[in-house]
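I opened this notebook to record what I looked up in one structure. The entries follow the order in which I went through it.

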Amino acid sequence: MPMMSSQRSATPRLLLLGGTTEARQLADALAAAGVDAVYSYAGRTQAPLAQPLPTRVGGFGGVAGLRDWLRAQRITQVVDATHPFAARMSAHAVEACAALGIALVALERPAWVPQAGDDWRAVPDIDAAVAALPRAPARVFLAIGRQTLDAFARAPQHHYLLRLVDPPLQPLPLPQTTLVLDRGPFTAEGDRQLMLAHGSTHVVAKNAGGSGARAKLDAARSLGLPVVLVQRPQLPPRPRVGSVAEAMAWLAAHRAALGV
């Protein structure tokens with residue numbers, strides 16, 4: 001039996017777990033509606049975009065730390081709008097909210113699906129993505145961020161094109177690398193020109209979904225390049241919405257049920 005939260009009789013207060021385009025859009029909507037909310041993000045970029053809500057940066061210290069923070073901050077609702085591959089944070093949110101009886105919904109953008117002309121090779125994880133690359137040297141646009149680069153050190157024969165928001169603080173683990181510093185959103189034509197300029201022969205990406213990061217897939221289709229696409233991790237069952245409007249409607253319905 002989950003422990004019922006004492007927050008139910010308190011003034012509603014929302015925690016928005018962010019880090020995505022959709023989270024920023026929801027933050028704008030919450031601020032415009034005057035909702036008492038806190039925006040939390042992992043802090044993996046050195047200069048994150050400013051948010052219209054009070055913010056906190058960094059982890060919570062596992063499920064126990066998150067549970068303590070939710071109780072201390074008198075949070076009554078949580079919207080998980082983290083990246084689809086932030087599996088640990090999402091799982092911790094499900095467990096902590098269940099323990100306290102706090103309402104949780106995930107703002108989850110749909111996964112990408114292939115279109116005519118796409119050459120996608122779906123793989124379950126990063127290790128499988130490394131194995132899916134050819135043995136012969138290739139020029140790989142590695143569009144996966146910086147958290148899982150170490151795995152590709154097992155395939156040092158390739159030249160890797162990396163696009164990061166911030167310059168790395170430590171030496172890159174890949175011996176043949178071209179680094180581009182840039183912040184999205186990107187365009188299909190811009191990514192097409194990037195791949196042409198660097199002679200890319202393969203693309204590795206995560207199936208993050210949404211419109212902000214799809215440009216590289218559209219560019220790969222136009223160039224006839226194969227894409228190794230890492231599929232999303234499995235997450236615990238949780239209520240989900242697919243848009244900012246649906247998240248705001250969920251918020252209003254839940255507060256109405258509380259008599260607010």
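Predicted model: local features only at pLDDT ≥ 70, side-chain atom pairs only at ≥ 80, totals over all residues.

The entries below cover strands, helices and aromatic rings.

Entry 1: I then looked up the strand order of the open sheet. The sheet has 6 strands in the order β3-β2-β1-β4-β5-β12, and the pairing is parallel. Which strands stand at the edges? I found β3 (55-57) and β12 (240-241) there, each with a single partner strand, so one side of each has no neighbour in the sheet. I checked how β12 is attached: 2 bridges join it to β5 (residues 103-107), and the two run parallel. Leucine 107 stands opposite valine 241 in β12.

**Entry 2: strand β4.** I went on to β4 and its partners. 4 bridges join β1 to β4, which run parallel. In that pairing, leucine 16 stands opposite valine 79 in β4. β4 and β5 also pair in the parallel sense, over 4 bridges. Here valine 78 has leucine 104 in β5 as its bridge partner. I also traced the path between these two strands: β4, helix α3 (residues 87-100) and β5 make a right-handed β-α-β unit.

Entry 3: Helix α1 (residues 21-33) lies across β1 (14-17), β2 (37-41), β4 (77-80) and β5, and runs at about 155° to β1. Helix α2 (residues 62-72) lies across β1, β2, β3 and β4, and runs at about 145° to β1.

**Entry 4: strand β11.** I next took β11 (residues 227-230) and its pairings. β6 (residues 120-123) pairs with β11 in the parallel sense over 4 bridges. Alanine 122 has leucine 229 in β11 as its bridge partner. β10 (residues 202-206) also pairs with β11 in the parallel sense, over 4 bridges. Valine 203 stands opposite valine 227 in β11. β10, helix α6 (residues 215-223) and β11 make a right-handed β-α-β unit. Both faces of β11 are covered, with Val227 and Leu229 buried on one side and Val228 and Val230 buried on the other.

**Entry 5: aromatic rings.** How many aromatic pairs are there? The count comes to 3 aromatic pairs. One of them is phenylalanine 60 with tryptophan 69, edge-to-face, at 5.4 Å centre to centre and 70° between the planes. I checked burial against the cut-off of under 20% relative accessible area. Phenylalanine 60 counts as buried because its relative accessibility is 14%, and tryptophan 69 counts as buried at 17%. Phenylalanine 152 and tyrosine 160 have ring centres 5.9 Å apart and planes at 70°, so I logged this pair as edge-to-face. Both phenylalanine 152 and tyrosine 160 are buried.

**Entry 6: charges over rings.** The charged end of arginine 56 sits over the ring of phenylalanine 60, 3.8 Å from its centre. The charged end of arginine 163 sits over the ring of phenylalanine 186, 3.5 Å from its centre.

Conventions
Residues numbered from 1 in each chain as written. Heavy atoms only, no water. Pairing = 2+ DSSP bridges. Contact = heavy atoms within 4.5 Å. Axes fitted to C-alpha atoms, helices over the stretch in contact; angles between N-to-C directions. Buried < 20%, exposed > 50% of the residue type's maximum accessible area, 1.4 Å probe, protein only. Right-handed = clockwise from strand over helix to strand, strands pointing away. Phe/Tyr/Trp six-rings, centres within 6.5 Å; stacked < 30°, edge-to-face > 60°. Lys NZ or Arg CZ within 6 Å of the ring centre and 35° of its normal.
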